[in-house]
Structure formats: structure tokens, C-alpha cells
Amino acid sequence: MSRRKIAEALIDEQGELFSVQIGANIARDVPQQWFHWLLTVQLCSARISGAQALQAAKALKDEGLHKVKTLLESDRQRRIRVLNRNGYARFDNLGADQIRAAADLVDRSYGGDLRRLREAAGGDAGEIRRLLQEVKGIGPAGADIFCREAQLVWDELAPTADRLCLDMAAELGLPDEAGALSRLAGDRESFVHLLAALARAKLDGPSERVRAAAGQ
């Protein structure tokens with residue numbers, strides 16, 4: 001069993017970033033993409049499956065409800081309707097209010113630009129996590145999800161890996177520590193894709209190729 005082969009299989013098979021899946025290109029480091037990713041994390045923090053939350057997050061973009069200004073001006077029933085029809089039926093009322101509240105907070109506190117949250121944190125990863133949790137519906141686990149992919153751009157977050165990914169890494173015989181996983185991946189972009197793959201493997205099960213590489 002080669003750890004590098006396991007990591008390569010994970011990245012190749014299951015390494016699509018969750019932000020990319022829902023149409024947010026956070027690598028561009030522009031306000032709109034960050035806000036859409038924040039909404040995704042907020043939706044993922046509810047007690048529903050990750051697949052349902054991602055479906056809802058993608059639907060928000062399809063409906064143009066992934067922007068601060070559009071959300072602030074949107075009708076509540078429209079928000080409920082979009083969430084209800086896209087996997088978020090159990091939490092559509094709460095979700096509709098929380099995404100509106102997120103837009104309000106980002107608008108008031110950061111002028112619609114989450115990069116100012118990063119500036120407000122003064123380069124401190126712990127403070128970034130604390131400020132993220134001021135968004136209604138986002139707790140420690142949600143902050144971890146945000147930072148997992150945000151470290152692609154925000155240097156002060158790297159290397160970081162949340163418990164979900166580290167537990168899966170251990171199950172597959174990989175290092176269960178962020179620094180060691182990062183070194184195994186080789187570069188930061190590969191590391192972030194590896195973490196996405198580990199999260200998917202934990203949530204949905206490892207692919208056959210990954211299992212074979214891990215000798216399972």
C-alpha cells in the first residue's frame with residue numbers, strides 16, 4: 001500500500017472542490033464567489049444531507065439569489081420556494097431567513113466583501129473562524145468547511161484540515177495530521193483537492209479505485 005497512490009486516487013476520483021461543484025470559483029478571490037461559498041457553507045450546516053445542501057446552493061445561483069444585493073431585495077416567499085424545490089424542504093423557512101441574514105451581515109459589516117472579514121481578522125486563522133460563526137447557522141463545523149477550501153487563497157489558513165477529513169485519512173491509512181497530509185499532496189492546490197476527496201469519501205464512501213489503492 002502506497003500512501004501516494006492512495007492520495008492520487010482520491011484526488012483523481014473524488015477531488016472536485018465543493019465550491020466548484022456549486023459554481024463558485026473562489027480561486028478568483030472576488031467578493032461574489034466568496035459570498036456564494038459562504039451561503040453554501042451555511043446551507044451545509046443544517047441537519048440535512050450534503051447532497052441536498054449542495055443542490056440548494058447551486059439552485060440559488062441558477063435563480064440569481066447568490067448575490068448580496070439580490071438577496072437583500074428578494075421576496076421571502078421566493079427564497080422559500082427555491083429552497084423547498086431543491087432539497088431543502090425541511091428547513092426552507094429557516095434557510096430563507098438565514099441566507100437573507102447572511103447577506104445583511106456581510107453588507108453591513110464588510111461592505112458586501114468577505115475579503116474584509118479576512119482583513120478584520122488581522123491574519124489570524126482563529127479569528128477568521130470566530131467571525132464566520134457570527135453568520136447565523138454557521139458553527140465551528142461550518143467554519144471548518146469554509147476554511148477547508150478558503151485556504152486555497154487565504155495563506156494564513158494553510159495547512160488546515162477538519163476532523164471529518166482527518167478521520168477519513170486515518171481510515172485509509174493516510175496521515176491524520178494537516179501538515180503531513182499537505183506534504184503528501186505536494187502543493188497547496190493538490191492538498192485542498194485531497195481534503196475535498198477525503199470529505200466526499202467520508203460522506204459517500206471511497207470509490208472502488210480508492211479502496212483498491214488502500215488495500216480494502
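# Reading the terms off the model

Colleague: Why is Asp29 called partly exposed?

Modeller: Asp29 has a relative accessible area of 22%. Buried means under 20% and exposed means over 50%. The value of 22% falls in between, so Asp29 is partly exposed. The model is a predicted one, and the values here are computed from it.

Colleague: Where is Asp29 found, and what is its phi?

Modeller: Asp29 sits in the loop between α2 (18–21) and α3. Its phi is near 55°, which is positive, and Asp29 is not a glycine. Most residues other than glycine have a negative phi.

Colleague: What kind of peptide bond joins Ala158 to Pro159, cis or trans?

Modeller: The bond from Ala158 to Pro159 is cis, and its omega is near -10°. Most peptide bonds are trans. Pro159 belongs to the loop between α10 and α11.

Colleague: Glu156 is found in that loop too. How do you know whether Glu156 counts as buried, partly exposed or exposed?

Modeller: The relative accessibility of Glu156 is 22%.

Colleague: How many aromatic pairs does the count come to?

Modeller: The count is 3 aromatic pairs.

Colleague: Why is the pair of Trp34 and Phe146 given its label, and what is that label?

Modeller: The ring centres of Trp34 and Phe146 are 5.8 Å apart. A pair needs centres within 6.5 Å, so these rings pair. Their planes are at 35°. Under 30 degrees would count as stacked and over 60 as edge-to-face, so this pair is tilted.

Colleague: What does the pair of Trp34 and Phe146 tie together?

Modeller: Trp34 is in helix α3 and Phe146 in helix α10, so the pair ties together parts that are 112 residues apart in sequence. Both Trp34 and Phe146 are buried.

Colleague: What values go with the pair of Trp34 and Trp154?

Modeller: For Trp34 and Trp154 the centre to centre distance is 4.6 Å, the angle between the planes is 40°, and the pair is tilted. Trp154 lies in the loop between α10 and α11 and Trp34 in helix α3, so this pair ties together parts 120 residues apart in sequence. Both Trp34 and Trp154 are buried. Trp34, Phe146 and Trp154 form one aromatic cluster.

Colleague: Which members of the largest nonpolar core touch the most other members?

Modeller: They are Leu10, Phe146 and Leu198, in a core of 76 residues. Helix α13 (residues 188–204) gives the largest share of this core, 9 residues. Leaving aside neighbours within four places in sequence, Leu198 is in contact with Leu10, Cys165, Met168, Ala169, Leu172, Leu174 and Leu181.

Colleague: What is the volume of the largest pocket, and which lining residues are the closest to its centre?

Modeller: The volume is about 410 Å³. Of the 21 lining residues, the closest to the centre are Cys44, Ile145, Arg148, Leu164 and Leu203. The lining divides into 11 nonpolar, 6 polar and 4 charged residues. Its largest share, 5 residues, comes from α10.

Definitions and conventions. Residues are numbered from 1 along each chain as its sequence is written. This is a predicted model: local features need pLDDT of at least 70, side-chain atom pairs count only at pLDDT 80 or more; totals for chains, interfaces and linings use all residues. Side-chain values use heavy atoms; hydrogens and water are left out. A nonpolar core is a set of buried Ala, Val, Leu, Ile, Met, Phe, Trp, Tyr and Cys residues joined through side-chain atoms within 4.5 Å. Buried means under 20% relative accessible area, exposed over 50%, partly exposed in between (1.4 Å probe, protein chains only). Helices (H or I, at least four residues) and strands (E, at least two) are DSSP runs, numbered from the N terminus. Contact means heavy atoms within 4.5 Å. On a 1 Å grid over the protein atoms alone, a cavity is a set of points where a 1.4 Å probe fits but cannot get out, and a pocket is an open set with protein on both sides within 12 Å along at least five of seven lines; lining residues have an atom within 4 Å of a point. Grid points are joined across faces, edges and corners, and a volume is the space filled by probe spheres set on the points. Ala, Val, Leu, Ile, Met, Phe, Trp, Tyr, Cys and Pro count as nonpolar, Asp, Glu, Lys and Arg as charged, and the others, Gly among them, as polar. Rings of Phe, Tyr and Trp (its six-membered ring) pair if their centres lie within 6.5 Å; planes under 30 degrees apart count as stacked, over 60 as edge-to-face and the rest as tilted.
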